[in-house]
Every structure is written in structure tokens, then in C-alpha cells.
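Please read this briefing alongside the sequence and the coordinates.

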Amino acid sequence: MSAGSLPSGSQVKDPGYPTPSENYLTNSKGILSWLFTLDHKRIGVMYLIGVTVAFGVAGLLALMIRLHLFQPDGMIFKGEEANNWYNQVFTLHGAIMVFLFIIPSVPAALGNFLVPVMLGAKDVAFPRLNLCSFYLWVFGALFFVSALCASGLDTGWTFYTPYSTTTDSSVILATSGAFILGFSSIFTGLNFIVTINTMRPPGMTWFRMPLFLWATYATSIIQVLATPVLGITLLLLIAERTMHIGIFDPEYNGDPVTFQHFFWFYSHPAVYIMILPAFGIISDLISVHSHKRIFGYRFIAYSSIAIALLGFLVWGHHMFTAGMSSLTTIIFSALTFTVSVPSAIKVFNWLATMYKGSISLTTPMCYALSFIFLFTIGGLTGLHLGTLATDMHLHDTYFVVAHFHYVMVGGTLVAFLGGVFHWWPKMFGKMYSEAGGRLSALLVFAGFNLTFLPQFILGSRGMPRRYATYDPEFAALHQMSTWGSMLLGFGLLVALVVLLRSLKSGKRAPANPWGGATLEWECTSPPPFYNFERAPSVGDPYDFSDLEWDAEDERYVKVEPAREIVPEEQPEAEPVHADDSK
Amino acid sequence: MSTIEASPEVGHDEHGHDHDHPPFLAHHFDTPEQQFDSGKLGIWLFLVTEVLFFSGMFCAYAIFRALRPEVFEGCSQFLNTKLGAINTGVLLFSSLTMAWAVRCSQLEQHKGLVGTLAATLSCAMIFLGVKAIEYSHKFGMGLLPAGLFFYDPSNPHPTEHPPYLAYICAPFALALAGVLIWLVVSAVSGNKFQFAIAKPLSVVCLCFFVGVGLGTVLESGEESADHIDVHADPNGLATAPVMEQAEKTMAAEAAPAIAASGAMVAVDETVLKILAKDPANVGVVSSQNALEQQTAAAGTSTVTGDGEILGAITTTEVDVMTPTTAGVFFSIYYCMTGIHAIHILAGIGVLVWLLVRAVRQDFNRQYFGPVDYVGLYWHLVDLIWIYLFPLLYLIR
Ligand code: HEM
Ligand SMILES: [Cu+2]
């Protein structure tokens, strides 16, 4: 593969570079050409900027939380209102991270950019709906910001009743925001399902789709099937607060646990909205950077769908302590175990893919490796929580906090970063500093573990979550965690700087810098606004045999072996029978 | 054979863009069929989300009806079955005209398309007009969601309440006025296209008031008998007017087997009585011996039922059986029918858009997707009402 020089006499296929009038970034100018664009790539880029800003805001809130917890009696928020402030900060951190960052991060930002290109299509099926989803996202975000500016929000991101029907913080603004964001998410999912169903190019059968598309497809199914339930739940919550409809409010004989059922019926599948696209990224990253065909393609594809469906049956594991009957809890516990099987299948397939591959430790690969490590920890600790007996002890402790940060940050965020580093050259046509990128991966990995490993211990020793102060005996572990979060924050900052610097001073990216075989590497970097002149010929997305490293131009190229003229043996200059006839 | 090598490189440059690209085909689709299939799949998925959206409320309905069947049955008496039935008929008819519209668009019958779309819209408006009567009547009586519920059985029709009907009608009156002005202006200025749109639209807007009229007539027919005397008796005991009224209601709604429904009447009567916010009743409910007292008064079976429910759901609260309990029914009623009405409004919006395009003759044999998609949506909205009607109006 990285043989250095190309075999002589072979035919090299490379799309070259786009002209400025073709390049989707420059083919039309002015802010309006971006704001009203229907080009899925530009919408993807706008999402990327949006979710990054949201992540930045929520990340700063997280650092505030960690700094506050540096001391047992609280370091930042002081005085009478300290607890109140603390509640608001962790709520906004969680709500922004979940609704504004993680859910749209991979599907909306990377998915928008990649899905049509990977399909060799010109755009998603409904470009206007796509732009509409983006603006719904923006509106939802504005609602959240206005909730912040109004009287804050202190219910936690889960909006549990009855507290959320009685607190006088701005629950209505925030839930309206989440409602709108839900529609943004539904429309994105709907768009992708239709696009993948009807716009695959000739030759791309379901089992010739890149695994990222499978994952996106499974994610979209969840988005379409689960989010409406969240929508109606939040709507009922709003109605509860404005009109006291009495469905969730015990004061009017409502049942607050109904809210929990409704909420988790969406939100457990929603955690798979967060992680499935990450699985898709990792499947592609591992295969491309190991330069080896993905192991167990069908298993990975089917397990995505299995997760999507099984994920609808396990919501009760968030409510073991909410007073369900013991039979119900046992059933939910058992179902929870089944859902971890497909996740494990994926992990084993990735490991098997790397086995005997020729691994290049590029930045995306570093992120992919740390994903596998961190997600495995996160998933396995999920089993502790899914076990009834242990969950009675661990529920609502820092153990849960650590669990979901391992899957959401260690899983989704790390995969997102890996994906951004992987497709950055394609999106912006620039190569970033490899050294800087790897450094960021290392810092993120170290900082992350330092932050959240101690929280497992804290939780199992009984430190409850969502408390502004704690027993001094927990101080050492909390301080470790705070230092870790600083390191993690620094690592993320490095990643941001590396990427942004590449835009100014990065080298021009070739069409195929990593040796990927999926269709997006067959158009220029960045792609022209129409993606492909015509539907490209579709090959095997994980067949790397005809890709060669061109050391001279630092790129991979598709090589067609030198062709010999058919038939193999040249006919003799003079036919044998020539003599006879003369 | 040697052509194989050449083909990937040449001959695909100018291709695929301009040939055979009719104006209605979006640039990113290859064929009209692909565009149609995408739209169709998209709308079906959207309908799935709609069903799930409503399913949350159907769940809430199921839960609370299972918890408090007697409240649901009792409160359902306050819904006017006649109006509900009329509305069901109107919506069913509109589904017919909608399906017809799809056919017209496929056959390029442009006049017929405009006509059937306008008919569908008119039905939607009649539906809303009738709904306006139902809503304003209930608002006036204080039959509101739990927190706002102020129904007072001794004065079920308070005279001084805001003119709810006028509030609801105002936007429609404005729309009607606007369309009429538009009609006149376009007629005077000779703009045929605008006139062709304004004409059916003015009929459509008028239909709202037809619905209001229809609702008023039917509602007032019932008015005199409507729950007035029921709660006048402070003790809430089984009295003649109650029986009379209950039977009247039954008869008016042509419920079969009245004779056998003595027990049912008793149930209704108990519930209505329970709804009554008189101090005697609260006392009855809150204490055990009062409950027994009530048992003696109103028949063993029903009240034991109540007592069981009481024990099952409320352990701490004493004022369970106050009118706020009934509020849950009305909460669900307003949530479900309200969100359904919002869907009707949205449907009206897209139907108007279709109407404009139909007047412009945008649709043809190859391109009738939008009519088809809106048709599917409209059938779903209709279907949801078909479920809402029996679940809310016909449960006694
Ligand atoms: C691998 C299989 C997984 C299992 C078996 C699992 C199991 C659980 C269980 C039982 C809980 C409830 C703990 C409690 O509250 O007592 C929980 C909480 C949570 N999990 Fe997972 N989980 C898994 C994967 C994931 C993934 C992939 C994500 C997200 C990307 C995730 C996100 C969360 C979140 C956010 C919470 C906490 C919600 C809250 O109360 O605020 N989990 N998990
Ligand atoms: Cu869960």
C-alpha cells in the first residue's frame, strides 16, 4: 500500500482539484448565499459551526461545574443562592450538550455533508426541508438562550415532573426549544431515510453502502420513531404548566411517573441517536486507516438496525427506583442486557478489522482507537447499571454520571472529532498538522480518563449526582476530576486550533489523502457544488486493493493495472497460412 | 474491447443535465418517478411521526380512562354527540372530495381539481365552525382543563363570561373580509388569475360561518335540556329531574336500550353528582362513613365502584372527587381535539397552496405528487378524528 512509488505503466485516476467556480465553498459569494443555500454541504458546514458554538458554551458551563466542585463546600457559587446557581448551571450544561450538540452533531453536521456525497447524489431528497431543519435548530437554540437569560432552568435536562411543573424557572421556554429542536431532528432523519432509499446510484445495493450510511439510516429511523413522542410529552408538559391539565401533576390527580415513561421512551432511543452515527464513523475510520476490508460488514450493518429496534424496549432501566412493579423491572433489566449484544458485536468486529491490518496512526485513527477503549468502558458500566441489584445502589450517583460521559463524550464526542479530522480535508480542502492533531487526541484521551474514571469510584462510594457540595472524604477524587477536566478542555482547544490553523496555512488537500474507497474520496477536495458530474460507478466501499500511495504528491490514487492488449499473445506478423496461399 | 478504457474518461461531461429535464423536476433528481417516490416515502414517514405524536395522547387517554372510567363516562355527557357526529360526517365527506381531487389532478381536469379542493376546504371550515361552537360553549360553562375548571353545577351557564365565540370567530371574520375585498379588487382590476383564486376562497371562508350557524342551531336545541337541572339539588341525591334529564339526553341521542339502562343512569347520575362541587359531596368522599351514607343513597354497586377507585389511586389526597378530577377528562379532550384542530388548520394552509397551484394548472399526468401527498395527510387527519369521536363522545 504505502509502497512509495506507483507501479509503472498503470493508469492513475484522480479527480485533481476543483476550480474556485466549482468549489462549493466559493462558487457563490456573500453571506446570503450561505444563509439561503440549499446545498447540503453548506448546510452541513453551518451545522458544524452551530454545534461547535453550542459545545463551546456548554463546555464552559461544565468547567464551571468542575471548578465549583473543587472544594467540598463549593468554590464558585457562594452564599444563599449557591445551590440555585449550581442547579441552573448543570441543567443548562446538560440540556445544551444533549439537545443542541450531541444529537445534531454527527447526523446533522457530518451526515448532511457526507450522505449525498457517499451516495454519489447531487443533494438530499428534500433540500428545502433540510435548510428548514437548520433554521429550526437555530430557533430552538434561541429559545434555550432566552431561557438562560430569563429565569434560568433548574430541572435537569430530563425535566422530571412534578418538580418541572412547580419550579418557577423558565421551563416553558426551554421545553419549547427542545420541542422545536425535536422537529429539526425529525426532518433531518426523514430526509436521510428518503435520500438513502430512493437516491442510491445504480449498482449501490444495500450491502454496498458504506457503514456510515447504515448507521445514519438506523439513526434516522430512531429519530423519526422516537422524537414525536418527546414532542408530545414536552407539549403536554407545557400545557401542564400553562393550563394545569393535570396529566402529570399529582395536585390534579395526575401521575408524574407517566412523564418519566414518556420521557424515557424517547430519551433512551435518543442515546442511540447519539451513539449510532458514532459507530458508523468508527467503522469507516478503522477500516480506512487500517487499510483493510472491514470485518463482518453485514454484522455491523444489521447490528445498527438491531440496536435501533431493541433500543425502544429498554427505557424502563432509567426508572428502576421510580416504583415500578418488580416484574416490570426484571423485564426491563433483561431487555437492557440484550441491547448490549449488538454493541459488543461492533466492538469485536472493529478489533478484528485492525488485526493484521497495516494501521496508520493518523489523527483520525488515534481518535478511533480511543473511542474503542472509552466506549467499551462506558458500555460495560452500563451493564452494572442495567443489573437491578447494583442499580439500586448506583442510581443517581456519580457512577451514572461517569457511565454516560464515557458513552457520550468518550463515545460520541471522540468519534465526532475523529470524523471531523477524517473528513476535514474533504470538507475544506486543507491538511492540518498531523503532530498537532495527534497531540490533541492524546490530551483528550488523558484528560477524559482523569476526569471521569474517578467518578466511577465516587459514585460507587455513594456520592450522589447533582449536588453542589459534598463530604470532605470525596475531595481528593473530585479534585482529580477537576484537574482532568482542565486537561480535557485544553486538549479540545488544541484540536480546535489545529483545525482552524489549517484553514489559513494548511497544505492543499488531495482528493484522497487517507486511501478511502467510498465515493466521497472520488470527487475533489473540497467537492464541487454539484458533487458529481454524473452518478459515479460504484465499487466495493471497503476494497482497498486498487488504491496506491503516491508519495510524490502525498495522496492515494486509484490505480488500474497496466492493461495488456487482448488477446494475450500477439498474432504473428504474418499469418501462418500466408505462405500457403501464395 | 478497447472502448472499455476510453469510456470512463470521455463522454460524460455535458451529460445528464439538460436532456429531458421537465420544469417540475428538481435538479437533484434524475427522473420524475424518482422525485415522486421520494415525496411519497417522505410523506408516509411524516404520517408515521404524526401517528406517534398522537399516540402519546392516546396513551394518556388509555391510562387515565383505566384509572377513572366513571369520570370519563360522566364527563362525556357534556359533549354534544350531535355536533360530533355532524363533524364526523363532514370530515368523511371531505376525504371523499380530497380523493376525488387527486383523481382530477391525475386526469388533468383542472376545473374539477379546483372544485374538489374548494369543497374539501369548505368542509374543513364547516368542521372548524362547529368546533368553535362546541369550544365556546364549554369555555362559557367553565368546562376547562383541570387548573382552569370552574364549572358550577348550580349555575352551569354563567351569563357574564367573555364572548369566547366572538374571539374564535374574529380571525375567520377577518379572513373572510380580506378575501372578499380581494375578490372585489381582483374583479375590478380584471386580474383573472387572482379572481379565480379569490372566488372559491370566499366560499370557503363563508363556510366557517355556515358551520357556526349549524352548530348554534343544534346546540341550542339541546340547550334547554342541557344539564341545567341536574345539579340543582344540593344533596346530589337521585331526584326526578336528574333521571328525567339523563333520559332526555339519552333519547335525544337515540341511544338504544334505554329501558335496560337504569344502572347506567344511576352511574351517570352519581358521577354528575360527584362533579357537583357542593360541600356535602366533598364530605361524603373524604370520610369513610360519609361514603357509606352515599352508598345508602345512590345504590350499592356504583358507589362501591367509586370507593374502589378512590382507594386505588389516591392514598393521600382527600379532595379527589372534586370538579378538578373531571378536569383531567377535559384536559385530554382539549389536548386531543385542539391538536387535531391545529392539524386541520395546517391542512387548510396546504390546501390553499394547492388551490393556487391548481388554478395555475401546475399539475399534470406526470406531476401530481403534491396533491397526492396532501391527500394522504388529509386522510390521516380525518382518520384521527374517526378515532377521537367514539373515544370522546360515545363512551357511556
Ligand atoms: C451499551 C449499553 C448501555 C447500557 C446497558 C446502558 C445502561 C444504562 C442504565 C441502566 C442507565 C440508568 C442508570 C440510572 O439512572 O440508575 C443509564 C443511564 C444513562 N445512559 Fe446508558 N447504557 C448504555 C449505553 C449508553 C449510550 C450509548 C449512551 C449515550 C450515548 C448512554 C447514555 C446514558 C445517559 C445519558 C444516562 C443518564 C440519564 C440521566 O439520568 O440523566 N448509555 N444507562
Ligand atoms: Cu437508557
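The notes below take up the ligand, the contact between the chains, and some backbone features in turn. The model is a predicted one, and every value given here was computed from it. Ligand 1 has 21 residues around it, and chain A and chain B bury about 3600 Å² between them.

**Surroundings of ligand 1**

- Among the 21 residues around ligand 1, those that come nearest are Asp391(A), His395(A), His403(A), Phe404(A) and Arg465(A).
- Asp391(A) places a polar side-chain atom 2.6 Å from an oxygen atom of ligand 1, and Arg465(A) likewise has a polar side-chain atom 2.9 Å from an oxygen atom of the ligand.
- The side chain of Trp157(A) also takes part, with an N or O atom 3.1 Å from an oxygen atom of ligand 1.
- Three helices of chain A, namely α8 (256–290), α11 (363–386) and α13 (398–428), are the elements that give two or more residues to the shell around ligand 1.
- Sorted by class, the shell around ligand 1 consists of 11 nonpolar, 8 polar and 2 charged residues.

**Salt bridges**

- Over all chains, the whole structure contains 12 salt bridges.
- One of the residues that come nearest to ligand 1, Arg465(A), forms a salt bridge with Asp396(A), in which the closest N and O atoms are 3.5 Å apart.
- Because Arg465(A) lies in the loop between α14 and α15 (475–505) of chain A, while Asp396(A) lies in the loop between α12 (388–394) and α13 of chain A, this pair ties together parts that are 69 residues apart in sequence.

**Contact between chain A and chain B**

- The contact draws 45 residues from chain B and 40 residues from chain A, and of the area of about 3600 Å² that the two chains bury between them, 71% is on carbon and sulfur atoms.
- The count of salt bridges between chain B and chain A is 0, whereas 5 residue pairs are found in polar contact across the interface, with both residues of each pair at pLDDT 80 or more.
- On the side of chain B that touches chain A, the elements giving two or more residues are α1 (3–6), α2 (32–67) and α13 (323–359) of chain B, and the largest share, 18 residues, comes from α2(B).
- By class, that side of chain B holds 21 nonpolar, 17 polar and 7 charged residues.

**Backbone features of chain A**

- Helix α14(A) is followed by Gly462(A), which has a positive phi, near 105°.
- Most residues other than glycine have a negative phi, and most peptide bonds are trans.
- Lys356(A), although not a glycine, has a positive phi of about 65°, and Lys356(A) is placed in the loop between α10 (326–354) and α11 of chain A.
- The peptide bond from Thr161(A) to Pro162(A) is cis, with omega near 0°, and Pro162(A) is found in the loop between α4 (127–149) and α5 (163–166) of chain A.
- Ser525(A) and Pro526(A) are also joined by a cis peptide bond, with omega about -15°, and Pro526(A) sits in the loop between β3 (507–508) and β4 (547–550) of chain A.

How values were computed:
Residues numbered from 1 in each chain as written. Chains lettered and ligands numbered in written order. Predicted model: local features only at pLDDT ≥ 70, side-chain atom pairs only at ≥ 80, totals over all residues. Heavy atoms only, no water. Helix = DSSP H or I, 4+ residues; strand = E, 2+ residues; numbered from the N terminus. Contact = heavy atoms within 4.5 Å. Buried area = accessible area lost by both parts, 1.4 Å probe. Salt bridge = Lys/Arg side-chain N within 4 Å of Asp/Glu carboxyl O. Polar contact = N/O pair within 3.5 Å; in protein donor to acceptor, adjacent residues only side chain to side chain. Nonpolar A, V, L, I, M, F, W, Y, C, P; charged D, E, K, R; others polar. Near = heavy atom within 4 Å.
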